[in-house]
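Please look through the structure shown here, with attention to its side-chain pairs, its helices and the loop that joins two of them.

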Amino acid sequence: MTIKSDPNGIDIATERPSDLDALNAKLQAAKARRPQDKAPSSNGNALGMAWRLSTELIVSVLVGTGLGYGLDKFFETSPWILLVGMGFGFAAGIKAVLRTADRMDAADANIPLGTDLPDALENEDDL
């Protein structure tokens, strides 16, 4: 480390590039000695997936029910629009859960989303 003074007489510490290189080498050596991060436990991951899927289903049913309730009050058709809204909410929740489950399965199998399957998997009749 080199200390220089500016025109006002204030000392400014400057580091030479070689000091930074030595520090970088020490940091890389320390990172190499550090144990690798452990993979997340499968129990926590499964619990998170279950929480996400159940939340999506419940929220969809609640939104459909709420919209149906509001429209029932507005049109005074109780309880018909509420029941229809609840049904649509349940259907939307099931669709969202299935879509999310497909994405999770694809992520676990390391299949990139949005790409075609390899030719070997598409031609199952040839096997």
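## An aromatic pair

A search of the whole structure, which is a predicted model, finds 1 aromatic pair. F74 and F75 form this pair, edge-to-face, with 4.9 Å from centre to centre and 80 degrees between the planes; rings of Phe, Tyr and Trp (its six-membered ring) pair if their centres lie within 6.5 Å, and planes under 30 degrees apart count as stacked, over 60 as edge-to-face and the rest as tilted. F74 counts as exposed at 64% relative accessibility, while F75, with a relative accessible area of 49%, is partly exposed (buried means under 20% relative accessible area, exposed over 50% and partly exposed in between, with a 1.4 Å probe and protein chains only).

Because the model is predicted, local features need pLDDT of at least 70 and side-chain atom pairs count only at pLDDT 80 or more, whereas totals for chains, interfaces and linings use all residues. Residues are numbered from 1 along each chain as its sequence is written, and side-chain values use heavy atoms, with hydrogens and water left out.

The side chains of E56 and R52 meet in it at 3.4 Å, N to O, and both residues lie in helix α2, 4 residues apart, about one turn of the helix (helices are DSSP runs of H or I with at least four residues, strands are runs of E with at least two, and they are numbered from the N terminus).

D72 also lies in helix α2, which covers residues 42–75. D72 is buried yet has no salt bridge, and K73, the nearest side chain of opposite charge, is 8.2 Å away (Lys and Arg count as positive, Asp and Glu as negative, and His and the chain ends are not counted). A polar atom of the D72 side chain lies 3.0 Å from the backbone nitrogen of L82.

## The loop and helix α3

E76 is in the loop between α2 and α3, where its phi is near 55 degrees, a positive value in a residue other than glycine. P79 has its place in the loop between α2 and α3, and the peptide bond from S78 to P79 is cis, with omega near 0 degrees. Most residues other than glycine have a negative phi, and most peptide bonds are trans.

Helix α3 spans residues 80–108, and its buried residues include L82, G85 and G89.

Conventions:
Expected span 1.5 Å × (residues − 1). Salt bridge = Lys/Arg side-chain N within 4 Å of Asp/Glu carboxyl O. Polar contact = N/O pair within 3.5 Å; in protein donor to acceptor, adjacent residues only side chain to side chain.
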